[in-house]
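Hello,

Here is the structure we talked about. Please open it and follow along with the notes below.

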Amino acid sequence: KEGEGMKIVAGLGAVDEYIRFAEAGADEFFCGYVPYEWSREYGTALALNRREVLNYQVQLGSFSELEILAKLVRAYGRPVHLAFNSLYYIPEQYPKIASIVKKCQSLGFETFIVADPALFLYLRREKIDCKIHLSGETGEVNREMLAFFRRFGLQRLIFHRKNTLEDMASVIRAGAGLEFEAFVLNELCQFTGAFCNSLHCDELGHLCRVPYELGRVRGKLLSGNNVNFDDEALTLDEEGYLCGATGCGLCALYALQRAGITHLKLVGRGNHADFMEKDIRNLRRALDILKASKTEKDYINSMKKILFPYGCSGNCYYRQHYIEAKNKI
């Protein structure tokens, strides 16, 4: 809501990160929970969360970890939303997911991020009274889609990576009373999640990591993997960190707030914990700058000067808006 300020929702890859990220400034968290029994039975192809990774910390894999996390949530008061991001499930899996949801609820987890519309409707049919955030992996977003899911008690809509600011504003105007979340840092992907056929697992490389270039069908190349949009000399810190190196929407914070976005998604499950902590602190700092700025021009100039004195990555989530704003400035 206007005046309350946008909240930071950070990805959590392990229980150990909770306190560190909460103290850095995260307001909420999202993480995956994939019981080992599920992995043993269904493997990679019939994923629960589309993040079936065991070799490094991307999600929780045991109920005992959830128990610890639940105690931390009670102590720090920063809620955790559990993600079930698969685009679809086979019929026999729906009752099993409902059972997992109930076990999570028994510990106090009440909010679930759902990508599969059928799972959303199944949980409601089974009269499972939980809060649901519609995942950015769901697919195209418009006012009619929003109106349909509101009938079943939707709490928050998460816009996908390819939504424009104009599209967001239009949908938000039709969704009074709901919460709206937008991507703001990390993992800008060439794919829209709902149409991505990559398997995010230990056995195979992710399609989004395959080298690629983006450009016009005709004319000059616009951008590549590592283009610097400002054509400035980038400077990494001693650890090789640059805020927003893999995707950044900080220049659009003023416009996101004006559009009605209530929550900002900071992607980072599986990222280096030190880098995630810096991301959270930088996003918090950007929000402080936003709060003190009277105009978009003031905000962008101050933010770039403080956070990117030697240039940014140029991997803009909202590139067209940034181009227009930069021309005005």
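**Aromatic contacts**

One aromatic cluster is formed by Phe-120, Phe-148, Phe-149 and Phe-152. Keep in mind that this is a predicted model. Across the whole structure, a search finds 14 aromatic pairs.

Take Phe-148 and Phe-149. Their ring centres are 5.1 Å apart and their planes stand at 80 degrees, so this pair is edge-to-face. Phe-148 is partly exposed, at 34% relative accessibility. Phe-149 is buried, with a relative accessible area of 5%.

Phe-159 and Phe-180 pair in another way. Their ring centres are 5.9 Å apart with planes at 20 degrees, so the pair is stacked. Phe-159 lies in the loop between β6 (154-158) and α7 (165-173), while Phe-180 lies in strand β7 (residues 179-185), so the pair ties together parts 21 residues apart in sequence. Phe-159 is buried, at 1% relative accessible area. Phe-180 is buried too, with a relative accessible area of 1%.

**A lysine over two rings**

Look at Lys-265 next. Its charged end sits over the ring of Phe-30, 3.8 Å from the ring centre. Lys-265 also lies over the face of Phe-183, at 5.8 Å from that ring centre.

**Two crossing helices**

Helix α4 (residues 93-106) and helix α5 (residues 117-125) have axes that come within 10 Å and cross at roughly 65 degrees. The crossing of α4 past α5 is right-handed. On α4, the contact uses Tyr-94, Pro-95, Ile-97, Ala-98 and Val-101; on α5, it uses Ala-118, Leu-119, Tyr-122 and Leu-123. By class, that makes 9 nonpolar residues, no polar and no charged ones.

Best wishes

Key:
Residues numbered from 1 in each chain as written. Predicted model: local features only at pLDDT ≥ 70, side-chain atom pairs only at ≥ 80, totals over all residues. Heavy atoms only, no water. Axes fitted to C-alpha atoms, helices over the stretch in contact; angles between N-to-C directions. Helix = DSSP H or I, 4+ residues; strand = E, 2+ residues; numbered from the N terminus. Left-handed = near helix turned anticlockwise from the far one by under 90°. Contact = heavy atoms within 4.5 Å. Nonpolar A, V, L, I, M, F, W, Y, C, P; charged D, E, K, R; others polar. Phe/Tyr/Trp six-rings, centres within 6.5 Å; stacked < 30°, edge-to-face > 60°. Buried < 20%, exposed > 50% of the residue type's maximum accessible area, 1.4 Å probe, protein only. Lys NZ or Arg CZ within 6 Å of the ring centre and 35° of its normal.
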